[in-house]
Amino acid sequence: MFELLGIPPQVLLGQLLLGLINGSFYAVLSLGLAVIFGLLNIINFAHGALYMAGAFVAWMLLHYLGIGYWPALILAPLIVGVFGIILERTMLSRLYHLDHLYGLLLTFGLALIIQGLFRNYYGVSGLPYRIPDLLSGGHNLGFMFLPNYRAWVVVASVLVCFGTWFTIEKTRLGAYLRAATENPALVSAFGINVPLLVMLTYGFGVALAGFAGVLAAPIYSVNPNMGADLIIVVFAVVVIGGMGSILGAIVTGYMLGIIEGLTRVFYPEGSAVVIFVIMAIVLLIKPEGLFGRAA
Amino acid sequence: MAAQDTNTDTIIAAPAPQVAGMPMLHKVIFVLLLIFLAALPFMVYPIFAMKVMCFALFAAAFNLLLGFGGLLSFGHAAYFGGASYVAAHAAKVWGLTPELSVLCGTAAAALLGLVIGGLSIRRQGIYFAMVTLAFAQMVYFFALQVPFTGGEDGIQSVPRGNLFGLISLENNISLYFFVLAVTFGGILFLYRIVHSPFGQVLKAIRENEPRAISLGYNVNRYKLMVFVLSATFSGLAGATKSQVFQLASLTDVHWMMSGEVVLMTLLGGMGTIFGPLVGGALIVTMQNYLATFGAWVTVIQGVIFVIGVLLFREGIVGVISRWLKRPL
């Protein structure tokens, strides 16, 4: 078998695939953050905790109610989304007239509460979640073995990202959303219920986090800390991509996942920090982010 | 979607600091505080009292940036924890005396603050918070991987050594007075910064940045200066803490620590002089006495955060200050 830069292709392609899968999670999560930030101007620090909650809801649906993976893929994001809407109505909506940083602080507190509660009831050791039968096994592509579930994760995340991008950029509803971001007072004068729009947007963004959590459940074991460290990487992704852009969040998410995978092949010690290093470089050259508009 | 990231720099309106001299009320409080702190090690476990003082200084340093500079950094654990690693290494491997070890740690934090601050102040508001957090995470992974930090174990059994090579700090009481001198001195210095002309310019920038720019101030340079000062004093607190516990560990560089110092400042009162001290003391005391409840401590901290943001944004000292109609 040939070698590429002294690395066997199986290793290289395996890490590329792993990077692409991580990138799928970065993309879906930073997309949710971007959608929420766009309309609410709040950095949802609870995003990681809600991603973790999505995975737990899927696990709980299976173990307490016997509801399997496929229904959970719809139900868990819905449950997490409704929970998000409750949070928005009871707490976040009281902060809109204040500095945006209070939203960050509030959601940080919420993240502590959610993570602490799950840790109390389920401990820190991971809970297993089986890959659904339909997607177990894999395909031998000749040069590498591709597990079906991982391929599905990539496909599902691409579909969701594309659907969201299409809705926001190309449909009438998306136009309302974008208009409400620019000038909420004017849009509500046209008879559009802006608070409702805000509420549903938060619910949708949070549901995206829950969806990513269900996708992640069979790959990573379900545990209370799974969102805590991921969220900071996602923040870095968001800074690199530029928060102003939905497309930026998606493209940067996949791209950085792949770069991280490649770093793991060529310089394993650097894989944990490579995203932050890229962030520093991007800040130096283009502080508004790769896809962002200048402030 | 458009990012509206203008006009996000101001976070809270702090009571106006007074320029001329220290008001009588503040003098009285500082003197009473000093008397109380001098008596404290004879009433409670000295290590606990020292921990409270280190965190009070950390919160005060953080408040310089948030409360007076209007900049929310979410990565102050990097300077606190980073300095504690450097100080522990200096004392253990290089065999430096305690005061030199603490100085090494503080200098390292200042340098780190200069680098990270220089990059971070290019973004504003929420972005600034996220960038500082991400850089702090870089420091965390660095601490996890480089050999000198001892990875998961941290740097353990750091010798306390002899102050100026003369006075042994193995005794908890003598160490206590060293820590008291460092932290109290640090807090007084921070007070002086806030009430200096530099502090006045900061206030002007926080309240109306475009106007400060139009007056000819190099706003970014002031922001960087206050960032570095805040990082330096956070480092002083962290370095001192590593001497107290004879330990530098990952807890101090983890992002939870960055969150905790925000909580201390928020609870005590952002932009007040004495708020962070009260907040720091309360949170440390709470953690100490609730330690047996395990993860519930996190939940309680989260609840305090939420209540603080929703109902209680002035913080404890902020409320008292409003009652007294005097800045505290």
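Guide: Start with a cut-off: a residue counts as buried when its relative accessible area is under 20%, computed with a 1.4 Å probe on the protein chains only. By that cut-off B:Lys223 is buried, because its relative accessibility is 6%. Keep in mind that this is a predicted model.

B:Lys223 belongs to helix H9 of chain B, residues 219–245, while B:Glu209 belongs to helix H8, residues 209–214, so the pair ties together parts that are 14 residues apart in sequence. How accessible is B:Glu209? Its relative accessible area is 13%, so B:Glu209 is buried. Each end of this bridge therefore falls under the cut-off: 6% for B:Lys223 and 13% for B:Glu209.

Now step back along chain B. Helix H7 covers residues 197–207, and B:Arg206 sits in it. With a relative accessible area of 4%, B:Arg206 is buried. Its side chain makes a polar contact with the side chain of B:Glu207, at 3.2 Å.

The bridge in chain B joins two helices, H8 and H9. A:Glu260 is buried at 7%, whereas A:Arg264 is partly exposed at 24%. Another salt bridge in chain A joins the side chains of A:Lys286 and A:Glu288, at 3.5 Å, N to O. A:Lys286 is partly exposed, because its relative accessibility is 30%. Over all chains, the count comes to eight salt bridges.

How many of them run between chain B and chain A? The count there is zero. Polar contacts do cross: five residue pairs, with both partners at pLDDT 80 or more. On the chain B side, helices H5 (125–145), H10 (255–268) and H12 (296–311) each supply at least two residues. H5 of chain B gives the largest share, 13 residues. By type, the chain B side divides into 31 nonpolar, 11 polar and four charged residues. The contact takes 46 residues from chain B and 59 from chain A. Together the chains bury about 4,900 Å², and 76% of that area is on carbon and sulfur atoms.

Next, the chain that holds the starting pair. Chain B has 13 helices and two strands. Its radius of gyration is 19 Å; a compact globule of 328 residues would be near 20 Å, so the values agree. The C-alpha trace spans about 55 × 45 × 40 Å along the principal axes. Of its 328 residues, 59% count as buried. B:Lys223, B:Glu209 and B:Arg206 are among the buried ones.

The order along the sequence is α-α-α-α-β-β-α-α-α-α-α-α-α. The radius of gyration is 19 Å, close to the globule rule's 19 Å for 295 residues, so chain A is as compact as a globular protein of that length. Its C-alpha atoms fill a box of roughly 65 × 50 × 35 Å. Buried residues make up 58% of the chain. Of contacts with a separation of 6 or more, 77% are between residues 24 or more positions apart.

A:Trp59 lies in helix H2, residues 47–65, and is buried at 9%. A:Leu127 comes 68 residues away along the chain, yet the two C-alpha atoms are 8.1 Å apart. Beyond its neighbours within four places, A:Trp59 is in contact with A:Tyr64, A:Tyr122, A:Leu127, A:Pro128 and A:Tyr129.

Note on methods:
Residues numbered from 1 in each chain as written. Chains lettered and ligands numbered in written order. Predicted model: local features only at pLDDT ≥ 70, side-chain atom pairs only at ≥ 80, totals over all residues. Heavy atoms only, no water. Contact = heavy atoms within 4.5 Å. Buried area = accessible area lost by both parts, 1.4 Å probe. Salt bridge = Lys/Arg side-chain N within 4 Å of Asp/Glu carboxyl O. Polar contact = N/O pair within 3.5 Å; in protein donor to acceptor, adjacent residues only side chain to side chain. Helix = DSSP H or I, 4+ residues; strand = E, 2+ residues; numbered from the N terminus. Nonpolar A, V, L, I, M, F, W, Y, C, P; charged D, E, K, R; others polar. Buried < 20%, exposed > 50% of the residue type's maximum accessible area, 1.4 Å probe, protein only. Rg over C-alpha atoms; globule rule 2.2 N^0.38 Å.
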